[in-house]
Amino acid sequence: MFSCNHVFTSLFLYRYLRLVVNLVAFCLHRPIPQPANPQLTSEDVTVVIPSLQGGGVELLETIRSILATRPFRIILVTIEAQEARAKLLAKELDCGKLQVCSVAQPNKRRQMVRAIPEIETQVTIFADDDVTWPSTLLPWMLAPLEDERYGGVGTNQRLRRAECPNWQQRVWGYLGALYLERRNFDCASCMFMDGGLPCLSGRTVAYRTSILLDKEFTEQFTHEEWLGQYHLNADDDNFITRWLVSHGQKISYQHHKQAEVLTTLEDNSKFLKQCLRWSRSNWRSNITSLCCDRHIWKSQPWSTYAVYLTTLSHWALPWDCLLIYFYLDMAQSWPKESQPIGLAVLATWMFLSKFLKLMGHYIRHPVDFLLLPVSIFFGYFHGLIKAYAVLSLNVTAWGSREGADDDDAYRMTRLSSKYQEAFESRSDGCYTQ
């Protein structure tokens, strides 16, 4: 049988090898540089903005920031109930580049598919209706697409911090900012290691239009199935990321200050509902990638270990408890004077590991070091969110945005018995129409 020494060493290496390697990879990662004579320019870009509200100050500012990058066209896709409001917004801007269209029911996949046939450019960028673009964004996002092997490009994101926040907004905003910081770190480091990443986030992401116009893509995008039991109409960015990987398209992540998109997250207790929705999405997508598609095992071995398996195996509080337990058991054979020293070293390393990859945030906002205990506690609490998420994967509700759940029943519907029987008959347990 394995000794406590073997178990402790195995647990320690499995948990912290990815942190050490990713820290080095993050420091070495560089974005693909802009070419001296680019073939793609902003005139080759159409920006699609799915929106529920179709108007408002936030959306207006988003569109203005995008217009500053001089794309060929912006297509605002809202719902029929808000189409008139969206057209008033277009009239107010009076820029000649904003096209408005609509769908009957609010659903991001439906809205995206509605816009795709209208696109005439080589590159399509999907953007959320609450982002702020820097004027320097497009050249950086287009640089990887100069290479025909690349099909999708993501970019780093930061939280747009609230002005004069109260203490609750400061705490929730701090947790949201760390979520984005952690994501930027994972994406950049995995991109350096093997060209993989967790997901090309739909907050702002570029694709070759030819991929989106492919009939097979459209069919699968609008008829995705989850475990042969459900028709899934959520998690759009996860689906497209997996599609690119499974079809041999390279993806890129441009981590650069001039390609930094600002976004908003909930700055109240609704942030917990956002975390729950993200966790469910991660479970569904990572299980599909690991067990159904399975392309990542060969094409992205490091990302598979450092990101995808993390969903299944990373539970902060149990890991910390197990490490301490097996250390104490292992250290019983040591000289007594060495045992507390070893425990202090272990505890110090465990503490440092809680924020090392978040140092970029603390360098920009050193006052947030005072909230570090909140981050550590939330890391433990997040295990409960993950546990509840895995027990409710058939739920797709947002719960954090007005009007976002009007079509919740449509986002995941049960398939007929015919498709479920076909699923059960497949040896790989994954059925696609």
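Me: What makes the lining of the largest cavity divide into nonpolar, polar and charged residues?

Reply: The lining has 3 nonpolar, 4 polar and 2 charged residues. Ala, Val, Leu, Ile, Met, Phe, Trp, Tyr, Cys and Pro count as nonpolar, Asp, Glu, Lys and Arg as charged, and the others, Gly among them, as polar. The model is predicted: local features need pLDDT of at least 70, side-chain atom pairs 80 or more, while totals for linings use all residues. Numbering starts from 1 along each chain, and side-chain values use heavy atoms, without hydrogens or water.

Me: Which residues line the largest cavity?

Reply: Thr241, Arg242, Val245, Ser246, Ser289, Asp293, His295, Ile296 and Tyr308. Lining residues have an atom within 4 Å of a cavity point, on a 1 Å grid where a 1.4 Å probe fits but cannot get out. α9 gives the most, 4 residues. Helices are DSSP runs of H or I, at least four residues, and strands are runs of E, at least two.

Me: How many cavities are there of 30 Å³ or more?

Reply: The count is 1.

Me: What is in the largest nonpolar core?

Reply: It has 32 residues, with Val47, Ile49 and Trp133 among those with the most contacts inside it. Such a core joins buried (under 20% relative accessible area, 1.4 Å probe, protein chains only) Ala, Val, Leu, Ile, Met, Phe, Trp, Tyr and Cys through side-chain atoms within 4.5 Å. α5 gives the largest share, 5 residues.

Note on methods
Buried < 20%, exposed > 50% of the residue type's maximum accessible area, 1.4 Å probe, protein only. 1 Å grid on protein atoms, 1.4 Å probe; cavity = no way out; pocket = protein on both sides within 12 Å on 5 of 7 lines; lining within 4 Å. Points joined across faces, edges and corners; volume = space filled by probe spheres on them.
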